[in-house]
Amino acid sequence: MSRKQHHHLKGAEVSCCVKYFLFGFNIIFWLLGAAFLGIGLWAWAEKGVLSNISSITDLGGFDPVWLFIVVGAVMFILGFAGCIGALRENTVLLKFFSVFLGLIFFLELTAGILAFVFKDWIKDQLNLFINNNVKAYRDDIDLQNLIDFAQEYWSCCGAHGPNDWNQNIYFNCTEMNPSRERCGVPFSCCVKDPAEDVLNTQCGYDVRLQGDLDQQRYINTKGCVGQFEKWLQDHLIVVAGVFVGIALLQIFGICLAQNLVSDIKAVKANW
């Protein structure tokens, strides 16, 4: 073998730095994905969904467990492909990782552009989404906790205001409603009293029988859609920074995978 050929073979090698950095980068996502997936399946098992799969469609609103299942599954699959692909120098898995991650990035970019262009439509869909979940408030404990958290965090009540709770069978003001919560709102709508150490879960009872000015003394009367928009405007830099950071991580992961694929191909070409 000539010196030139020996130098050519020696120069083509897989970068250990890229290989093990990509491996470490993905094993974290793999483990996190497995944890999210496990939490989601455990939550479904506790609610009896796994023993009766058809019950998935019974809930009229959004089941928050879906977030854990979907996000966990995507992270698990991506982490597995990137982690094993890097460790075993498998170009098929690395290409799958790159394409899948690129597709997610493209979908996120498209969603961001469409959300900016069709702001009014997105607002209408958000309003519809919240109202559908208001109707299903008592149907699922996870959904109930999610709505309570949102209303407490953004100091809001309903999509546009407290009267949106008329759409829920327990809180509506019809005379035929036998519920004790009739004409009320969930406790998460209430204005918090700093002096109270114990949470008063009955603070919203009968509050909508009062006038608008009286209601403002006891509950938050602003809708969650408007409050969410205001929160986005107030935290625009932080929100944009988070999305840019996620996008850069995705691009970085794609570049690492493609770099490793090129190295592997270069080594195989010299065999």
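Residues are numbered from 1 along each chain as its sequence is written, and side-chain values use heavy atoms, with hydrogens and water left out. Because the model is predicted, local features need pLDDT of at least 70 and side-chain atom pairs count only at pLDDT 80 or more, while totals for chains, interfaces and linings use all residues.

**View 1. The disulfide between C156 and C224.** A search of the whole structure finds four disulfides, a disulfide being a pair of cysteine sulfur atoms within 2.5 Å. One of them joins C156 to C224, with an S to S distance of 2.0 Å. C156 lies in the loop between α6 (141–153) and α7 (212–218) and C224 in helix α8 (residues 224–234), so the bond ties together parts that are 68 residues apart in sequence; helices (H or I, at least four residues) are DSSP runs, numbered from the N terminus. The torsion about the S-S bond is about 85°, so this disulfide is right-handed. C156 is buried at 0% relative accessibility, and C224 is buried at 8%, where buried means under 20% relative accessible area, exposed over 50%, and partly exposed in between (1.4 Å probe, protein chains only).

View 2. C157 is joined to C189 with an S to S distance of 2.1 Å, and both cysteines are in the loop between α6 and α7, 32 residues apart. The torsion about the S-S bond of C157 and C189 is about 85°, so the disulfide is right-handed, and C157 and C189 are both buried. C173 and C183 form a further disulfide, their sulfur atoms 1.9 Å apart; both of these cysteines lie in the loop between α6 and α7, so the pair ties together parts that are 10 residues apart in sequence. C173 is partly exposed at 26% relative accessibility, whereas C183 is buried at 2%. With bonded cysteines counted along the chain, the disulfides follow the pattern 1-8, 2-5, 3-4, 6-7.

**View 3. The cysteines C17 and C83.** The closest cysteine sulfur to that of C17 belongs to C16 and is 8.8 Å away, too far for a bond; C17 is exposed, with a relative accessible area of 61%. C83 is likewise in no disulfide, the nearest cysteine sulfur, that of C16, being 16 Å away, but C83 counts as buried at 1% relative accessibility.

View 4. The whole structure holds 18 aromatic pairs, in which rings of Phe, Tyr and Trp (its six-membered ring) have centres within 6.5 Å, with planes under 30 degrees apart counted as stacked, over 60 as edge-to-face and the rest as tilted. Among them, W44 and W66 are edge-to-face, 5.0 Å centre to centre with 85° between the planes; W44 lies in helix α2 (residues 16–46) and W66 in helix α3 (residues 65–88), so the pair ties together parts that are 22 residues apart in sequence. W44 is buried at 7% relative accessibility, and W66 is partly exposed at 34%. The rings of Y137 and F171 have their centres 6.0 Å apart and their planes at 65°, so this pair is also edge-to-face. K119 lies over the face of F116, at 5.4 Å from the ring centre, where a charge sits over a ring if NZ of Lys or CZ of Arg is within 6 Å of the ring centre and within 35 degrees of the ring normal.

Key. Helix = DSSP H or I, 4+ residues; strand = E, 2+ residues; numbered from the N terminus.
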